[in-house]
Structure formats: structure tokens, C-alpha cells
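Let's take a friendly walk through this structure together. Have a look at the sequence and the 3D view, and then read on.

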Amino acid sequence: MTGMQVPFLDLHAHHQPLMADLADAFRQVIEASAFAGGPFVARFETEFAAFCRTRHALGVGSGTDALWLSLLALGVGQGDEVITVPNSFMATAEAISVCGARPVFVDIDEHTYTMDPVQLAAAITARTRAIIPVHLFGQMADMDAILAIARQHGNPVVEDACQAHGAEYKGRRAGGLGVAGCFSFYPGKNLGAFGEAGAVTTDEPELWTKIQSLRDHGQARKYFHSVVGWNARMDGIQAVVLSLKLRRLADANAARRAHAQLYDQLLADEPRIIRPVAAAHNLHAYHIYAVRVQDRDRVLERMAARGVNCAIHYPVPIHLQQAYAFLGLQPGSFPVAERCARELLSLPMYPELRPEQIEFVAQALKQCLHQ
Ligand SMILES: Cc1ncc(COP(=O)(O)O)c(C=O)c1O
């Protein structure tokens with residue numbers, strides 16, 4: 001098995017079988033000149049809401065837009081606090097800041113890497129206006145516990161489901177448990193567009209109406225603006241790509257789960273590798289399969305030298321990013337998230353991975369630990 005190259009992600013392999021259907025879909029968009037919003041976006045919204053089992057879905061420009069518009073529609077603004085976790089992509093906190101509110105971080109559970117409900121309860125203040133659990137790597141946060149605490153304090157929960165398309169918690173799909181679910185369709189996601197795109201899912205008619213207006217310059221009717229909004233619409237081209245790929249998402253997620261199971265089996269005999277833990281009530285979507293190892297950066301380099309491309313999600317937790325130095329949070333503030341930032345290593349994961357590639361990656365990882 002020497003000489004094998006395993007990329008971290010292979011989008012080409014994913015798109016190759018779809019080429020003819022994609023060309024046909026693009027032709028339809030061109031024929032209809034339906035480029036910004038329009039009927040193809042509306043069709044995808046219906047399909048995606050059905051997939052998430054919510055009443056509504058709204059196509060927007062990106063996952064970042066989805067988070068920001070949800071918070072805006074909930075009235076989050078200056079002087080408010082929004083609670084989230086420090087081990088996420090920067091966008092989760094950015095959306096809070098761009099609303100004028102302050103991100104308040106709580107540490108994560110060391111097994112699932114999602115929000116620790118006990119710490120959440122302790123962080124709620126009179127200024128708390130919303131809570132954003134992040135369904136990291138494709139695994140949903142402990143939503144019953146989080147929703148119970150939120151309900152007790154009257155706070156809405158916005159799910160950051162940007163990595164969790166099709167993930168489930170006690171049989172309920174990501175995006176359908178909070179007041180809003182925010183999705184990213186960045187190309188590398190489990191459901192990826194051909195550029196930037198995102199969606200908000202919700203059961204709430206009021207939130208749906210507000211976000212519809214906010215994403216389209218605050219206009220209910222063309223050139224009549226009732227509030228100050230923004231341009232955060234989804235493109236027609238992205239919508240047809242997403243509609244096509246949505247039909248294959250359940251199978252693609254099942255393939256990811258099978259790959260995760262094989263990684264688990266192959267790595268089980270190496271005590272120096274901490275494998276991902278899927279909580280018993282969760283259906284994991286394995287957007288990312290991340291293990292924890294000591295001396296992670298060196299292991300990453302050694303893996304690359306053996307032809308295996310790995311990644312790090314994320315090297316610096318958000319509270320220690322330079323952009324958030326003004327919060328005054330020091331190293332040691334969130335020990336679990338900080339340890340994860342040092343130790344997590346994301347292994348290649350995409351539906352088209354072949355068993356022999358997974359075997360090669362697992363063997364390479366074990367060898368790298370002994371090197
Ligand atoms: C957890 C999380 N939140 C938010 C985002 C932001 O999504 P986007 O890149 O589509 O703006 C991403 C994706 O990059 C993400 O992984």
C-alpha cells in the first residue's frame with residue numbers, strides 16, 4: 001500500500017457522476033434567467049425544509065448570513081450577550097459581534113466536543129438574548145438539556161447546524177429543534193454548493209417573514225423598503241446544484257458513517273488515539289472525522305509526508321483569536337476547548353473514500369505515532 005495519496009477531501013469525485021445532470025440544471029437556470037433568488041431557490045427551500053422536517057427554509061448567501069440574519073430577526077443587538085462555544089469556526093462568534101452583541105463562551109463536553117449544558121446554565125445573565133449550540137463535526141449538541149435551560153430563562157436557541165446536514169438527535173433532524181437552524185452550503189460541507197450559500201430553517205412564521213425581508217434589503221415589495229436589511233439572497237445556480245445534491249445526501253451521509261465505523265475498528269487497538277464518540281441518541285453526520293493525538297502538529301506533517309492530507313479544526317479557539325483579544329480571555333479560560341485545539345486531527349473524510357484508502361490512513365497514523 002505504499003505510494004498511495006489520500007486527499008483530505010475529493011470534491012471532483014463527488015461531482016463527476018453528476019456532470020450531465022448539472023449541465024441540464026444550469027441550462028434551466030440560464031433559460032429562465034433566474035439568477036438571484038427566484039423559482040429555483042423557492043423549490044430548494046421547499047425540499048430542504050422537508051429534509052429538515054421544518055415548516056420553512058430560507059435560502060441565504062452563506063452560513064454566516066444564516067446565523068447573522070437569525071440573530072437580527074430575534075432582535076439581538078447592542079448590549080446583549082449571546083452564549084456559544086469557543087471551538088467553532090469564527091463565523092459563529094462573528095455573527096454575534098456583527099449584530100453589536102457580545103459573544104459569551106462556555107466550554108465543551110470533552111467526549112462530544114459540543115456545548116456543556118452545565119456551563120451554559122452558569123453563564124446565563126440578565127443580558128443573555130440567545131444561545132447558539134454548535135453541532136460540531138456533524139454531531140448534534142445535547143439539545144434536551146440546552147433547550148430546558150433556555151426555556152427556563154426565556155432565551156431562544158439558534159442551532160449552528162453548518163456542519164450537521166442530516167444529523168439527528170433522538171430522531172429529530174438538525175435545524176428543527178431550536179427556534180432557527182443555520183446551515184452552510186460551503187462547497188466542502190456534507191451538502192455543498194458551487195460557491196457560497198446557506199439556509200435558515202424555522203417553524204416560526206414571524207421569524208420566517210422577518211428573515212425573508214432582511215435578506216432582501218428589507219423589501220416586501222420591490223423598491224418598497226420597510227426596514228434596513230441587506231443583500232443576502234441565494235443564487236439560482238446554487239439552488240439547482242443543492243437540489244440535485246440533496247437527493248443524494250442521505251446516501252452520502254450513510255457512506256460517511258460506514259467510513260467512520262471502519263476508521264473506528266482499525267484504530268481501536270491504539271490507545272494513544274482518542275476516537276470520536278457519537279452519543280447514543282445521536283445520528284452523526286461525520287462532516288469531519290477527528291481523532292485526538294499528542295504532538296498533533298508533528299503527526300500532521302508526518303501524515304503529509306506519507307501521502308495523507310489531514311486538517312485541523314481549529315488550531316486556535318475563538319476566545320484566543322487576536323480579533324477577540326478585547327474580551328480579555330486568557331489561555332486556561334476554557335481548558336477542554338483549548339486541549340482539543342491542541343490535539344484534534346481531522347482525517348480524510350468524504351463519501352467516495354475507498355476502504356483501502358481508509359486502511360492506508362489508519363496504518364499511516366499508527367506508524368506516525370511510533371516514529
Ligand atoms: C460551525 C460553522 N459555523 C458557521 C460557518 C459559516 O458558514 P459559511 O462559510 O457558509 O459562511 C461554518 C462554515 O464554514 C461552520 O463550520
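Asp295 is partly exposed, because its relative accessible area of 45% falls between the 20% and 50% cut-offs. Keep in mind that you are looking at a predicted model. Asp295 sits in the loop between β13 and α11, and its phi is positive, about 55°, although it is not a glycine.

Tyr286 also has a positive phi, of about 40°, without being a glycine. You will find Tyr286 in the loop that runs between β12 (282-283) and β13 (289-292). Is Tyr286 buried or exposed? Tyr286 is buried, because its relative accessible area is 7% and buried means under 20%.

One more backbone detail: His313 and Tyr314 are joined by a cis peptide bond, with omega at about 5°. Tyr314 belongs to the loop between α11 (296-305) and α12 (335-343).

Now turn to the ligand. Around it are 15 residues, and Gly63, Thr64, Asp160, Ser184 and Lys189 are the closest. By class, this shell holds six nonpolar, seven polar and two charged residues.

| Residue | Ligand atom | Distance |
|---|---|---|
| Asp160 | nitrogen | 2.8 Å |
| Gln163 | oxygen | 2.9 Å |
| Ser184 | oxygen | 2.6 Å |

Taken alone, the ligand exposes 390 Å², and the protein buries 93% of that. The space the ligand takes is the largest pocket. Which element gives the most to the shell around the ligand? That is α4, with three residues.

Definitions and conventions
Residues numbered from 1 in each chain as written. Predicted model: local features only at pLDDT ≥ 70, side-chain atom pairs only at ≥ 80, totals over all residues. Heavy atoms only, no water. Near = heavy atom within 4 Å. Polar contact = N/O pair within 3.5 Å; in protein donor to acceptor, adjacent residues only side chain to side chain. Areas by Shrake-Rupley, 256 points an atom, 1.4 Å probe, with all protein chains shown as cover. 1 Å grid on protein atoms, 1.4 Å probe; cavity = no way out; pocket = protein on both sides within 12 Å on 5 of 7 lines; lining within 4 Å. Sits in = over half its atoms within 2 Å of the grid points. Helix = DSSP H or I, 4+ residues; strand = E, 2+ residues; numbered from the N terminus. Nonpolar A, V, L, I, M, F, W, Y, C, P; charged D, E, K, R; others polar. Buried < 20%, exposed > 50% of the residue type's maximum accessible area, 1.4 Å probe, protein only.
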